[in-house]
Amino acid sequence: MSDMIKEIQRRRTFAIISHPDAGKTTLTEKLLLYGGAIQLAGSVKGKATARHAVSDWMELEKQRGISISSSVMQFEYNGYCINILDTPGHQDFSEDTYRTLMAADSAVMVIDAAKGIEPQTRKLFKICAMRNIPIFTFINKLDREARSPYDLMEELEQEFGIGTYPINWPIGCGIDFKGVYDREKREILAFSEFHRGQDKIKAIECSLDDTEMLDELIGPKLRATLCDDVELLDGAGYEFDIDLVREGKLSPVFFGSALNNFGIEPFLESFLDMTMPPLPRKAGEETVDPFCDKFSAFVFKIQANMNKAHRDRIAFMRICSGKFERDKEYYHVQGGKPIRLAQPQQLMAQERAIINEAYAGDIIGVFDPGIFSIGDTICDKTMKVEFEGIPTFAPEIFAGVERIDTMKRKQFEKGIMQIAQEGAIQIFHEPYTGVEEIIVGVVGILQLEVLEYRLKNEYGVDVRRRSMPYEVVRWIENEDINPNDLNLTSDTKWVQDFKGNNLLLFTSEWCVNWALTKNPDLRLREFNRD
Ligand code: G4P
C-alpha cells in the first residue's frame with residue numbers, strides 16, 4: 001500500500017455540534033487530551049485565563065465572551081489522525097457552522113442530559129441530515145441531575161426521525177452517578193472519583209455477573225435498576241447496524257461526563273471503530289475518489305484577522321483527494337489560474353504550524369490575498385473538477401450601511417466587499433437609484449456588529465447603520481422580467497446583488513405570497529446557487 005493511501009485511510013474528520021453550554025468545548029478539550037495534543041486541560045477554553053485561547057482572533061469575541069469563529073484541530077490517537085472541526089456555538093453564526101459541516105465526514109452531537117434537544121442542536125442536526133453524514137450522540141453532564149435516558153433517546157428518535165442505539169447506559173445521575181454499563185463488553189465502567197483535572201480517568205471494570213463487586217461499586221439499588229435496564233434494552237429491539245450508522249440513519253448514543261473526563265476514551269475508541277476514512281465527494285457529474293493521487297480541495301471558510309499582528313486572511317480548505325505538497329503549483333478553478341498556496345498551515349490550539357504535506361481528510365489554512373470565495377475548488381492542474389457549491393442561506397436581518405466620512409469611499413467598498421467574500425454578510429444595492437447606501441443581509445444581528453467593528457478597526461471607516469424592516473429575501477429566477485413591472489406590496493424592495501442578480505426584499509412571508517399570487521409567472525428562489 002502506498003504511503004499516501006495509508007495516510008488517507010487513517011484520517012477521520014468530524015465536526016462537534018451542540019447548543020451553547022452543552023459541553024462541546026469541554027469534550028473537545030478532553031479528546032485532545034487523549035491524543036496527547038495538549039498537556040494542559042483548559043488550553044482550548046478553560047477558566048478565565050485560558051478562555052478563548054483557540055479562537056482568540058477578535059476583540060469583539062472576547063468582549064462578548066462567545067466563540068464566534070470555528071477552529072480546526074488535529075491530533076493523533078492509536079494510529080489514527082483525527083481532525084476536529086469545532087463549530088461556533090452562538091446562533092448568530094449559524095451560517096458559518098453550516099459551511100463547516102460541509103467539510104466534515106461525520107458529526108458528534110453533544111447533548112446536555114438535563115436539557116435534551118435544544119434549538120441550536122435541532123438546526124445543526126438538519127444540516128447533517130441533509131448531507132446524510134453519520135451522527136454520534138454524546139449525552140453529557142451525567143454527574144448532574146439528568147432526564148431519564150429512555151426519555152432522551154425517545155426525544156432524539158421522535159424529533160429527528162432517526163434510530164438510536166445506546167452503546168453504553170448510565171448508572172444513576174447527579175450525586176448518584178456511578179458510571180456506565182458497556183453493552184458490548186457487558187461490564188460496567190465505574191466512576192472511581194470525580195476528576196476535574198487533566199488525568200485520564202481510572203475506570204474500574206466489573207462484570208454484570210459479579211454481584212458482590214457490583215454492590216460494592218454501585219450499591220444494591222442501582223444494581224437492581226441496572227439489571228432491569230439491561231434486560232429491557234436487550235429486549236427492546238434496538239438493532240445495531242453499522243451500515244445505517246454510516247448512512248446517517250442510526251445514531252450511536254454514548255453517556256458520560258466531559259468535565260469529569262468520564263466515558264471519553266471509550267467513546268473515542270468506538271467512534272473511531274465505526275467511522276470511515278474520507279469518502280468520495282461529488283463534483284458535478286463526477287465523483288472524486290479521495291484515494292486518487294491527484295490533489296483536490298474546496299474552500300469552506302475564510303477568516304480574517306486570525307492573527308492581529310499580521311492582519312491576515314486565511315482560506316480554510318478541506319482536502320478531498322490525494323496529497324497536498326507545499327511547493328507544488330495547483331489550479332484555482334473559479335479564478336481560472338494556476339496557483340501556489342502560500343503559507344499552508346494547520347492549526348493546533350493557539351499554534352500554527354507551516355506544513356509541507358497534507359492528505360485527503362485534512363483541513364489546511366492558506367494565506368488568501370483576496371482571491372478565494374467560499375466554495376471555490378483548488379486542484380491538480382490536470383484535474384479541473386469543480387466541487388458542488390455551498391448554498392448561501394437567505395439572510396433574515398437587513399440594514400442599510402453608509403460611510404460617515406465621504407472621503408473614505410475606497411476603503412469602505414474594499415472592506416465591505418472583502419467581508420462579503422468571506423461569507424459573513426451578503427450585500428445588495430438598489431439599482432439605478434444612485435443611492436450609495438449598501439444593504440447588508442445577515443443571519444444574526446451579531447454579524448452587523450462584527451461588520452461595524454471590522455470596518456472601523458481594519459479599514460478605518462466609521463459607518464452609520466440603519467435597520468430595515470425586511471425579513472425575507474428571494475432571488476428572482478425569471479431572467480426576462482423587469483422587476484419594476486411587477487405588482488408588489490408597497491413595502492417590497494427590488495435590489496441586486498453584486499453579481500447583478502435581481503432580488504426582492506419582503507417584510508413578511510405574507511408579502512411573498514402576495515407577489516406570487518399577483519404575478520403568476522414570477523419564480524422565486526430561497527437561496528442563491530452561484
Ligand atoms: P459549549 O462549548 O458547548 O458552549 O460548552 P462548554 O464546554 O463551554 O461547557 C459549558 C459549561 O458546562 C461549562 O461550565 C463546563 O465546565 C460545564 N460542563 C461541561 N461538561 C460538563 C459535565 O460533564 N458536567 C458538568 N457538571 N458540567 C459540565 P461553565 O461554568 O459555564 O464554564 P467554566 O467556567 O467551567 O469554563
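**View A. Arg-11 and Asp-362 bring their side chains together in a salt bridge, 2.8 Å from N to O.** A salt bridge here is a side-chain nitrogen of Lys or Arg within 4 Å of a carboxyl oxygen of Asp or Glu. Helices (H or I, at least four residues) and strands (E, at least two) are DSSP runs, numbered from the N terminus. Both Arg-11 and Asp-362 are buried; buried is under 20% relative accessible area, exposed is over 50%, and partly exposed is in between (1.4 Å probe, protein chains only). All of these views show a predicted model, in which local features need pLDDT of at least 70 and side-chain atom pairs count only at pLDDT 80 or more, while totals for chains, interfaces and linings use all residues. Residues are numbered from 1 along each chain as its sequence is written, and side-chain values use heavy atoms, with hydrogens and water left out.

**View B. Lys-323 and Glu-357 form a salt bridge, with 3.5 Å between the closest N and O atoms.** Lys-323 belongs to strand β16 (residues 323-325) and Glu-357 to strand β21, so this contact ties together parts that are 34 residues apart in sequence. Lys-323 counts as partly exposed, at 25% relative accessibility. Glu-357 is also in the partly exposed class, at 40%.

**View C. Asp-380 reaches Lys-328 in a salt bridge whose closest N and O atoms are 3.7 Å apart.** Both ends are in loops: Asp-380 is between β23 (377-379) and β24 (397-403), and Lys-328 is between β16 and β17 (329-332), so the pair ties together parts 52 residues apart in sequence. Elsewhere, salt bridges with shared partners join Glu-7, Arg-10, Arg-11, Glu-76 and Asp-362 into one network. A search of the whole structure turns up 26 salt bridges.

**View D. Strand β3 (residues 80-86) has 7 of its 7 residues buried, so it is largely enclosed by the rest of the structure.** Both faces are covered: Tyr-80, Ile-82, Ile-84 and Asp-86 are buried on one side, and Cys-81, Asn-83 and Leu-85 are buried on the other. β3 runs parallel to β1, joined by 6 bridges, and Thr-13 stands opposite Asn-83. Two strands count as paired if DSSP finds at least two bridges between them. Strand β2 (residues 72-77) pairs with β3 in the antiparallel sense, over 6 bridges. There, Val-72 has Leu-85 as its bridge partner. The β2-β3 hairpin has 2 residues between the strands, and Asn-78 in this hairpin takes a positive phi near 45°.

**View E. Strand β9 (residues 187-190) points Glu-187 and Leu-189 one way and Ile-188 and Ala-190 the other, and all are buried.** Strand β8 (residues 179-182) runs antiparallel to β9, with 4 bridges joining them. In β10, Ile-204 is the bridge partner of Ala-190.

**View F. Asp-209, Asp-210, Glu-212 and Glu-216 make up a negative surface patch.** Patches take residues with over 30% relative accessible area and no salt bridge, joining like charges within 9 Å and nonpolar side chains (Val, Leu, Ile, Met, Phe, Trp, Tyr) within 5 Å. Glu-216 is in helix α7 (residues 211-235), and counts as exposed at 73% relative accessibility. As for charge, Lys and Arg count as positive and Asp and Glu as negative, with His and the chain ends not counted.

**View G. Leu-279 and Ala-360 are 81 residues apart in sequence and 9.3 Å apart in space, C-alpha to C-alpha.** Leu-279 has its place in the loop between α9 (264-274) and β12 (281-283). Leu-279 is partly exposed, at 38% relative accessibility.

Methods. Areas by Shrake-Rupley, 256 points an atom, 1.4 Å probe, with all protein chains shown as cover. Charge placed at Lys NZ, Arg CZ, Asp CG, Glu CD.
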